Amino acid sequence: MTARTTRRTKAAQSRIAAVGAIAVAGALVLTGCGDQTKKGSSSDTASNSAPLFSKLPKKIQDAGVIKVGTNAEYAPMESTEGGKIVGVDPDLADALAKQLGVKFEFTSGSFDGLITAVNSGRYDIGMSSITDNKQRQEGLDDKGKKLGQGVDFVDYFTAGTAIYVKKGNPEGIKGIEDLCGKTAAVQQGTTYEAALKDQSKKCTDAGKKAINIESFQNDTEAQTRVKSGGAVAGINDYPVAVDLSNKADGGKAFEVINKQYDAGPFGIILNKNNTQLRDALKDAVDAIIKDGSYQKVLEKWGAQSGAIEQSAINGGK
């Protein structure tokens, strides 16, 4: 579900673009926020003498906590082990906590409700392998229509798209264009769902059969569908697909087709009115890149390919 690739074409974008915009409009307020039960928090909290504590909004300083919405189904970026949320994002949050002097408290829930949850104030930020692009920045649907308030991004990682198939690739899939007339599984509300719809139209425009798109509430269900042979392929963020292929059934369940493509930034999302926290987070990301703790986290989880040299605000296109 999810890490889950902004300057991408619609045929290869990362998670929650199209439905993320709908979530901005509030259509998924209840479904997106109703099941947030799994919680975790960063373990290292610096004192008020932390380097960037003074840059935080007074409200965050007083609370001592930054509330984080996530969808902990996308190892190695974020997943749940033994009731605790672990992965690249929680570990990066621990490093950020040392710079900012406050805790990062993670709550896992429905992925397609994260933007709405942040804009409603349920969370201060969202950190869940969320691709930064103009559509989400401006609150647009996939046709460019304004649906509601967008969000700001603090970019901290890059990732591309990958197609994964059952081990041995029995259908001989080489790319998304090979899915015409076949069944593909995807998580509901992701940009992959939109990408498959776009590709399906290309298939029919070329006189081929449409893709049979099966959308599931969570990515685990999509993976199960591919594993059972009910779908010939699934689409996900490259680091997530690679982790899945390496670990599922000891590496015997899936394989990734080719390398990642159309890589773009993942960002921490914030309400557009929360500019002070946004700027403090950017400074904190730059600080952990500079002190080396950022690289150590990525190496721990085998996610070095997503490293950036400097953070950006709304760097996605």
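Rings of Phe, Tyr and Trp (its six-membered ring) pair if their centres lie within 6.5 Å; planes under 30 degrees apart count as stacked, over 60 as edge-to-face and the rest as tilted. The structure is a predicted model, in which local features need pLDDT of at least 70 and side-chain atom pairs count only at pLDDT 80 or more, while totals for chains, interfaces and linings use all residues. Residues are numbered from 1 along each chain as its sequence is written, and side-chain values use heavy atoms, with hydrogens and water left out.

**Exercise 1. Determine how many aromatic pairs the structure holds, and describe the pair of Tyr74 and Phe111.**

Solution. 
Step 1. Helices (H or I, at least four residues) and strands (E, at least two) are DSSP runs, numbered from the N terminus. Tyr74 belongs to strand β3 (residues 73-74) and Phe111 to the loop between β6 (103-108) and α5 (114-119), so the pair ties together parts that are 37 residues apart in sequence.
Step 2. Buried means under 20% relative accessible area, exposed over 50%, and partly exposed in between (1.4 Å probe, protein chains only). Tyr74 is buried, at 1%, and Phe111 is buried as well, at 2%.

**Exercise 2. State the strand order of the open sheet that contains β3, and identify its edges.**

Solution. 
Step 1. Two strands pair if DSSP finds at least two bridges between them.
Step 2. The open sheet has three strands in the order β3-β4-β5, with antiparallel pairing.
Step 3. At the edges stand β3 and β5 (84-86); each has a single partner strand, so one side of each is left without a neighbour in the sheet.
Step 4. Two bridges link β3 to strand β4 (residues 78-81) in the antiparallel sense. Glu73 has Ser79 in β4 as its bridge partner.
Step 5. The loop between β3 and β4 contains Pro76. A cis peptide bond, with omega of about 10°, joins Ala75 and Pro76.

**Exercise 3. Locate the disulfide and explain which parts of the chain it ties together.**

Solution. 
Step 1. A disulfide is a pair of cysteine sulfur atoms within 2.5 Å. The structure holds one disulfide.
Step 2. Cys180 is joined to Cys203, with an S to S distance of 1.9 Å. The link of Cys180 and Cys203 is left-handed, with -75° about the S-S bond.
Step 3. Cys180 lies in the loop between β8 (151-166) and β9 (183-187), and Cys203 in helix α7 (residues 191-205), so the pair ties together parts that are 23 residues apart in sequence.
Step 4. Both ends are buried: Cys180 has a relative accessible area of 17%, and Cys203 one of 1%.

**Exercise 4. Describe the surroundings of Ile60.**

Solution. 
Step 1. Ile60 is placed in helix α3 (residues 58-63) and is buried, at 5% relative accessibility.
Step 2. Contact means heavy atoms within 4.5 Å. Not counting residues up to four places away in sequence, Ile60 touches Val65, Ile66, Val102 and Asp124.
Step 3. Between the C-alpha atoms of Ile60 and Lys103 there are 9.8 Å, although these residues are 43 residues apart along the chain.
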